[in-house]
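Colleague: I've got the sequence and the model open side by side. Could you talk me through what stands out?

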Amino acid sequence: MEDDVDEANWTFTNISLEDDSADGEPKIQRFIPEDSTMNCEIDGDMENQVEQEEKTRLINQVLELQHTLEDLSARVDAVKEENLKLKSENQVLGQYIENLMSASSVFQTTETKSKRK
């Protein structure tokens, strides 16, 4: 209830009632709670702190993702290099097997068998 408001926490702002405004209207007296600006400052500080914490969290998340991306890129490069080595070894082994087969009489085609048919 408004009757229970502690008036000790309010500051009286005295504003001149003389007609010095541009529109010819007298200015009005008003009551302002003393702690209202303090509450606004505290709320603003808390909002700034929350925003700063959120920014810090996002920056840390971005940095972590960048490190993960660097790790994945390094892994892809390593796999590509290993793939090239294996392809080269496969070609060497294929050539070796081909040479062995051509040197062996077991794998050579015999023209005599084809003449019999």
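**Contacts, confidence and surface**

Colleague: Which residue's side chain does Glu54 reach through a polar contact of 2.7 Å?

Modeller: A polar contact here is a pair of N or O atoms within 3.5 Å; inside protein, one atom has to be able to donate a hydrogen and the other to accept it, and sequence neighbours count only if both atoms are side-chain atoms. At 2.7 Å, the side chain of Glu54 makes such a contact with that of Arg57.

Colleague: Before we go on, where is the model's confidence lowest?

Modeller: Residues are numbered from 1 along each chain as written, and the model is predicted, so local features need pLDDT of at least 70 and side-chain atom pairs count only at 80 or more, while totals for chains, interfaces and linings use all residues. Side-chain values use heavy atoms, with hydrogens and water left out. pLDDT is the predictor's confidence per residue, from 0 to 100; the chain averages 76, with 56% of residues at 70 or better. Helix H1 has the highest mean, 90, and the lowest, 50, goes to strand E1 (residues 10–13).

Colleague: In what order do the elements run from the N terminus?

Modeller: Helices (H or I, at least four residues) and strands (E, at least two) are DSSP runs, numbered from the N terminus. The chain has 2 of each. Reading along from the N terminus, that's β-β-α-α.

Colleague: How many salt bridges does the structure hold?

Modeller: A salt bridge needs a side-chain nitrogen of Lys or Arg within 4 Å of a carboxyl oxygen of Asp or Glu. Arg57 and Glu54 qualify at 2.7 Å, N to O, and so do Lys85 and Glu81 at 3.9 Å. In total the structure has 2.

Colleague: Is Arg57 buried, partly exposed or exposed?

Modeller: Buried is under 20% relative accessible area, exposed is over 50%, and partly exposed is in between (1.4 Å probe, protein chains only). Glu54 comes in at 35%, so it's partly exposed. With 44%, Arg57 is therefore partly exposed.

Colleague: What does the side chain of Thr56 find 2.8 Å away?

Modeller: Thr56 is in helix H1, and it's partly exposed because its relative accessibility is 36%. A polar atom of its side chain lies 2.8 Å from the backbone oxygen of Gln52.

Colleague: How much accessible area does the nonpolar surface patch with Ile97 have?

Modeller: Patch members have over 30% relative accessible area and no salt bridge, with like charges joined within 9 Å and nonpolar side chains (Val, Leu, Ile, Met, Phe, Trp, Tyr) within 5 Å. Ile97, in helix H1 (residues 34–103), is partly exposed because its relative accessibility is 46%. By Shrake-Rupley with a 1.4 Å probe, counting only the protein chains shown as cover for residues, Tyr96, Ile97, Leu100, Met101, Val106 and Phe107 together come to about 650 Å².

Colleague: And what share of the 117 residues is buried?

Modeller: The chain's accessible surface is about 11,300 Å², 55% of it on carbon and sulfur atoms. As for buried residues, they make up 2%.
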